[in-house]
Amino acid sequence: MLHSQSKMVNPVKKGYETVNGIKMYYEIYGSGKPLVLIHGGAGSIGFDFKEIIPRLHKNFLLIGIDLQNHGRSEHRDIPETFEQDAKDVAELLKKLKIDKASFWGFSNGGNTVMQIAHQYPERVEKLVVASSFYKKSGMPDGFFDGMENITFESMPKSLKDNFLELNPDQSALKNMFEKDSKRMQTFTDWSEDILKGIKVPVLLISGDKDMPRPEHTVEMWRLIKGSELMILPATHGSYMMPDFEGNIDFKTIDFTANEVEKFLNGK
């Protein structure tokens, strides 16, 4: 298993496709069974999966996608929804001639991949749902109250810097912040039927000090029949990426990548 001190691997292909009225950016790494990587709110391919791509590219065809308003993809003036993101991903994969794939979604990306399984079950092999939620009570007390008063200034510097490196347009950064914030502010609980209806193998991952409560991840595990559960000693995503201060727990990330690989390759 590779440590991230090694150099970032180069994509075998990268570019844009016009999808539902916007240009969407993607990167493809490695070869093998397709695994689609979906970043979280305010993230991008390279921010959320920088540590995972070097660890898995030798065994999978990794397709990283920057969602609407994020990374190098174009912006929309309509509200963001997980359903729209699912639609965009499905359409982009069609253009790339990928009929069926596994999906790894982190944070809001986990909501997106669950919507892909809900709307396009025939397109999904397996799901990895990392640090995600399906109803408001799954998040810490005060989380949604805090979202009502969130300010652009409070956005983590690492996320701002990452965005501006990919797209130096300050107004685009503010648009992403506003769209991501509004999606959380207007979020309404999903029906349990969405999770109960997922029939493909699912691995749920969370940190014990994550944003979604560990109890909530357990609740999701009970709703998705036959799913697998992994709760690690970690903060939000620090089991697969640097934390917001830039600290990297290499051994835990190695472990996560290894377990995901076993899950995806298992019968």
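## Lys-179 and its surroundings

Let's start with one side chain: leaving out residues up to four places away in sequence, Lys-179 touches Asn-69, Arg-76, Asp-77, Ile-78, Pro-79 and Glu-80, where contact means heavy atoms within 4.5 Å. This is a predicted model, in which local features need pLDDT of at least 70 and side-chain atom pairs count only at pLDDT 80 or more, while totals for chains, interfaces and linings use all residues. Residues are numbered from 1 along each chain as its sequence is written, and side-chain values use heavy atoms, with hydrogens and water left out.

Lys-179 sits in helix 7 (residues 170-185); helices are DSSP runs of H or I with at least four residues, strands are E runs of at least two, and both are numbered from the N terminus. Lys-179 is buried but has no salt bridge. Buried means under 20% relative accessible area, using a 1.4 Å probe and protein chains only. A salt bridge needs a side-chain nitrogen of Lys or Arg within 4 Å of a carboxyl oxygen of Asp or Glu. The nearest side chain of opposite charge, Asp-77, is 4.6 Å from Lys-179; Lys and Arg count as positive, Asp and Glu as negative, and His and the chain ends are not counted.

## A glycine in a loop

Now look at Gly-138, in the loop between strand 6 (124-130) and helix 5 (143-148). Gly-138 counts as buried because its relative accessibility is 1%. Beyond its neighbours within four places in sequence, Gly-138 contacts Met-211, Pro-212, Arg-213 and His-216. The C-alpha atoms of Gly-138 and Pro-214 are 8.5 Å apart, although 76 residues separate the two along the chain.

Notes. Buried < 20%, exposed > 50% of the residue type's maximum accessible area, 1.4 Å probe, protein only.
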